[in-house]
Amino acid sequence: MQMFSSDRALRMFFFAILLSGCGQSGPAEQSDAAGSVELTVGGTTFPETEGERHWLQFAEQSELKTDGAIAPKMLIYGQLGSEEQIISALRRGRIQFANVSAMAISTLVPESALLYAPFLFESEAEADFILDEYLTPVYRELLAEQGLHLITWYEIGFLQVYGKEPLLVPADAKGRRFRVGAGLAARMFAESLNTDVIPLGFTDVVAGLQTGLIEAGENAVSLYARSGIAPEAPQLMLTNHSYGVSMIVVQKEWWDKQTPEVQQVLNTSFPGIRESRLDVRAESVRDLENAKELGITIHVLDDSQRAAWVSAAGGIRDELADAIGGRSAEILAVISRGRLAYQEQEPVAGP
């Protein structure tokens with residue numbers, strides 16, 4: 001036991017040297033005399049989900065790899081409020097790491113709303129390829145301009161439409177009180193269906209359904225099934241209309257002050273993109289397989305029903321790009337190039 005303790009102390013000593021930037025002084029507010037790194041993580045995950053497991057893995061691994069020099073404070077269950085409040089906390093330096101949807105990030109980086117344009121991606125594999133090979137550098141630049149650094153994508157899969165009653169075609173949604181989150185893409189999608197658009201934070205969706213404030217909305221399967229929404233709006237239409245993309249981000253000023261060794265630990269403690277994709281998609285499959293137990297009625301759309309959804313909302317991307325401006329036209333061109341490259345590549349195995 002004494003040998004273990006001495007070995008641990010030695011590792012702590014050398015890691016403290018690394019934290020100090022090999023002798024260079026760092027900001028006092030980021031490390032104490034023992035060389036520890038103050039790190040707080042924000043999020044809106046739910047217990048017993050892959051999202052929770054991934055964040056707990058991050059906390060465990062970052063602490064393990066540094067013998068406790070990094071011991072993240074995990075505020076991942078909505079303790080900070082909505083995603084918009086989490087973004088504010090990031091920018092003010094109250095937290096350093098967070099998982100925030102591209103839809104919420106669009107309040108800061110408007111071009112992020114393009115990622116939620118209806119029918120932008122035809123499949124998960126196509127989305128993976130374009131995000132990884134074409135869009136990462138663009139969005140890393142855009143986030144850096146707003147004081148955030150993109151660590152990795154975190155995808156929740158295609159969004160589906162849910163409701164208290166079946167909404168098999170867009171006409172069924174006309175006049176329904178439809179919840180939308182932050183971001184222009186969500187509002188434009190709901191408007192294309194001629195719904196009564198109700199902006200509402202995610203943490204208020206269940207209460208909104210219970211009180212009748214809303215009667216329908218959109219979300220990925222895992223968030224719909226595991227957040228209390230399903231019992232209140234049990235009709236789930238598999239529209240696969242928008243691709244749910246989140247971002248693991250870190251406050252850039254804080255990040256730039258950390259040593260390369262600390263950055264490496266934090267970069268590698270969160271599950272890799274392939275692992276997180278496989279885990280989240282497997283979770284969604286399980287939720288659909290257990291739909292009856294969860295009280296969910298699944299509606300798989302036929303070709304004519306899906307064509308009606310595409311006809312109603314498929315043209316939004318160009319209108320959305322015009323409304324956003326900035327680098328939107330460039331991003332759509334990048335996506336087009338990525339789609340062509342994806343179609344021309346050899347088939348590969350992967351999520």
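Author: Both Tyr139 and Trp153 are buried, where buried means under 20% relative accessible area, exposed over 50%, and partly exposed in between (1.4 Å probe, protein chains only). This is a predicted model, in which local features need pLDDT of at least 70 and side-chain atom pairs count only at pLDDT 80 or more, while totals for chains, interfaces and linings use all residues. Residues are numbered from 1 along each chain as its sequence is written, and side-chain values use heavy atoms, with hydrogens and water left out.

Reader: How is a pair of aromatic rings described?

Author: A ring pair is described by the distance of the centres and the angle of the planes. Rings of Phe, Tyr and Trp (its six-membered ring) pair if their centres lie within 6.5 Å; planes under 30 degrees apart count as stacked, over 60 as edge-to-face and the rest as tilted. The structure holds 15 aromatic pairs. In one of them, Phe46 and Phe202 are edge-to-face, at 5.9 Å centre to centre with 80° between the planes. This pair links distant parts of the chain, 156 residues apart: Phe46 lies in the loop between strand 1 (40-42) and helix 2 (50-65), and Phe202 in the loop between strand 6 (196-199) and helix 8 (205-211). Helices (H or I, at least four residues) and strands (E, at least two) are DSSP runs, numbered from the N terminus.

Reader: Why is the pair of Tyr139 and Trp153 edge-to-face?

Author: The ring centres of Tyr139 and Trp153 are 5.9 Å apart and their planes stand at 75°, so the pair is edge-to-face. Tyr139 belongs to helix 5 and Trp153 to strand 4, 14 residues apart.

Reader: Where does helix 5 bend?

Author: The bend at a residue is the angle between axes fitted to the seven residues ending there and the seven starting there. Helix 5 (residues 124-145) bends by about 65° at Leu135, and Pro137 follows within four residues. Just after helix 5, Gly147 has a positive phi of about 85°.

Reader: Are Phe119 and Glu48 buried or exposed?

Author: Phe119 counts as buried because its relative accessibility is 11%. Glu48 counts as exposed because its relative accessibility is 66%.
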